[in-house]
Amino acid sequence: MIYLLLFIEYFKVGLFAVGGGMATVPFLTELAEKRAWFTVAELADMIAVSESTPGPIGVNMATFVGFRTAGIPGAVCATLGLITPPLIITIIISGILVTFKNSKTVSGAFSGMRPASAAMIASAGITVVIMSLKNTAGLFGLVDIKGLILMVVLFVLTNFVKQVKKLHPLCIIAAGAVIGILFHFAGV
Amino acid sequence: MKKRSDSLFELFLTFAKIGATTFGGGYAMLPILKRELCENRGWATEEELLDYYAIGQCTPGVIAVNTAGFAGKKLRGIPGAIAATLGVIFPSLVIIIVIAALLSGWTENPYVKNAFAGIRVCVGVLVINTVINMWKKSVKGVFAISVFDLCLILALFTKIPTAALVVAAAVSGIIYCSVQGKKGKEERH
């Protein structure tokens, strides 16, 4: 039952992804491996579209993954799966907001979960980087030089040049698309 | 003070508008939430909103959904929370389904193929940049750095499920903080 599976897998994402939309990405690379619903390359495309369209990134990606896997009902199931745990948690803790905010146990748990979340996004990022450089490889599957150059240039620009730092990710993605077309990144 | 306009449908619509006008989630959402909830509707004070937001970051799930849930619950109880949350996801569902359906017919087009090959390189950089920002914000001190390093190694080289790593990190955080707390007390004695 693909719809139920989508709901359950995304319920887990909603329960364990801490720190916003990108925190769902490590769960999705894991899903790509475990369920083979999509490849890491397709996942990267879905991240790009989700960053470039309105709406919270995590929700956008859930809809996209669900649609890719099982059409419109799949999109609805995955998205509902994602929002159910936070909705339940929100309803429970809204009565005890202050207690929750000042709880030592909660802040302790999050002092461990935040760096863990960052590490797992890093691991997912490394998976995406390796995939994107392999994917654009022209010669015998070696690391693609065009891709590597673009990656280094983008990294330096987005981290060290003030004007570029402030740009919305959409601009970076659009630039990537234009460069990809101009320099035949897919080799076609 | 409560206006008659805060019906469930109104809640749904307002949060649908927020969902449709948010670009990129996270912090990009805060000014839009402030305008809609505090200034236009008077549904929440700015202080409450910042609280929702802070707690949204400290609870699992997408921050936008948490914020919608808190605001909805405050105004109309549990049905309100559900209406607001469904509102915030509604535009995403429609927009993404349309785009995904359109894209699926174009995957073999050479322009689209080249464009996405270029885009994938960008996505790698964007994900790594997210990590750098998170690192600057929340990976401070020996404990956090150790958790980061250990989790990165485990995530890269083992097949331990991501969810199990999150739970283990939470438990170790609770233990570490309670040990630190006790140490602090002993020193004071």
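This is a predicted model: local features need pLDDT of at least 70, side-chain atom pairs count only at pLDDT 80 or more; totals for chains, interfaces and linings use all residues.
**Stop 1: salt bridges in chain A**

Over all chains, a search of the whole structure finds eleven salt bridges. Begin with A:K34 and A:E9, and show their side chains. They meet in a salt bridge, with 3.2 Å from N to O. A:K34 sits in helix α2 of chain A and A:E9 in helix α1, residues 2–16, so the pair ties together parts that lie 25 residues apart in sequence.

Are these two residues buried or exposed? A:K34 has 47% relative accessibility and therefore counts as partly exposed. A:E9 has 6%, so it counts as buried.

Together with A:E9 and A:K34, they are linked in a network of salt bridges.

**Stop 2: salt bridges in chain B**

Move to chain B and select B:R41 and B:E10. Their side chains form a salt bridge, 2.5 Å from N to O. This pair links distant parts of the chain: B:R41 is in the loop between α2 (30–40) and α3 (46–57) of chain B, and B:E10 is in helix α1 (residues 8–21) of chain B, 31 residues apart. B:R41 is partly exposed, with a relative accessible area of 22%. B:E10 is also partly exposed, and its relative accessible area is 22%.

Next, select B:K74 and B:E48. Here too the side chains meet in a salt bridge, with 3.2 Å from N to O. Because B:K74 belongs to helix α4 of chain B and B:E48 to helix α3 of chain B, the pair ties together parts that are 26 residues apart in sequence. B:K74 counts as partly exposed at 40% relative accessibility. B:E48 is partly exposed as well, with a relative accessible area of 25%.

**Stop 3: the largest cavity**

Rolling a probe the size of a water molecule over the atoms shows where empty space is left. How many cavities of 30 Å³ or more does the structure hold? It holds one. The volume of the largest cavity is about 50 Å³.

To find the place, select its lining: A:F16, A:A17, A:V18, A:A23, A:P26, A:F27, A:M113, A:S117, A:M120 and B:V166. The elements that give two or more residues to this lining are α2 and α6 of chain A. Of the elements, α6(A) gives the most, with three residues. Colour the lining by class, and nine residues are nonpolar, one is polar and none is charged.

**Stop 4: the second largest pocket**

Select A:T29, A:E30, A:E33, B:A155 and B:T158. Of the 20 residues that line the second largest pocket, these lie nearest its centre. Two or more lining residues come from each of these elements: α2 (25–35) and α6 (104–135) of chain A, and α6 (141–157) and α7 (162–188) of chain B. The pocket contains about 500 Å³ of space.

Which element supplies the largest share of the lining? That element is α2(A), with six residues. By class, the lining has eleven nonpolar, five polar and four charged residues.

**Stop 5**

The elements that give two or more residues to the patch are α4 (57–93) of chain A and α4 (63–104) of chain B.

A:I72 is in helix α4 of chain A. Its relative accessible area is 47%, so A:I72 is partly exposed.

**Stop 6**

Most residues other than glycine have a negative phi. The last two selections have a positive value.

Select A:A36 first. Phi of A:A36 is near 55 degrees, which is positive in a residue other than glycine. A:A36 lies in the loop between α2 and α3 (40–52) of chain A. This residue is exposed, with a relative accessible area of 61%.

Finish with A:H184, in the segment after α9 (169–182) of chain A. A:H184 is not glycine either, and its phi is a positive value near 50 degrees. At 42% relative accessibility, A:H184 counts as partly exposed.

Definitions and conventions:
Residues are numbered from 1 along each chain as its sequence is written. Chains are lettered from A and ligands numbered from 1 in the order in which they are written. Side-chain values use heavy atoms; hydrogens and water are left out. Helices (H or I, at least four residues) and strands (E, at least two) are DSSP runs, numbered from the N terminus. Buried means under 20% relative accessible area, exposed over 50%, partly exposed in between (1.4 Å probe, protein chains only). On a 1 Å grid over the protein atoms alone, a cavity is a set of points where a 1.4 Å probe fits but cannot get out, and a pocket is an open set with protein on both sides within 12 Å along at least five of seven lines; lining residues have an atom within 4 Å of a point. Grid points are joined across faces, edges and corners, and a volume is the space filled by probe spheres set on the points. Ala, Val, Leu, Ile, Met, Phe, Trp, Tyr, Cys and Pro count as nonpolar, Asp, Glu, Lys and Arg as charged, and the others, Gly among them, as polar. A salt bridge is a side-chain nitrogen of Lys or Arg within 4 Å of a carboxyl oxygen of Asp or Glu.
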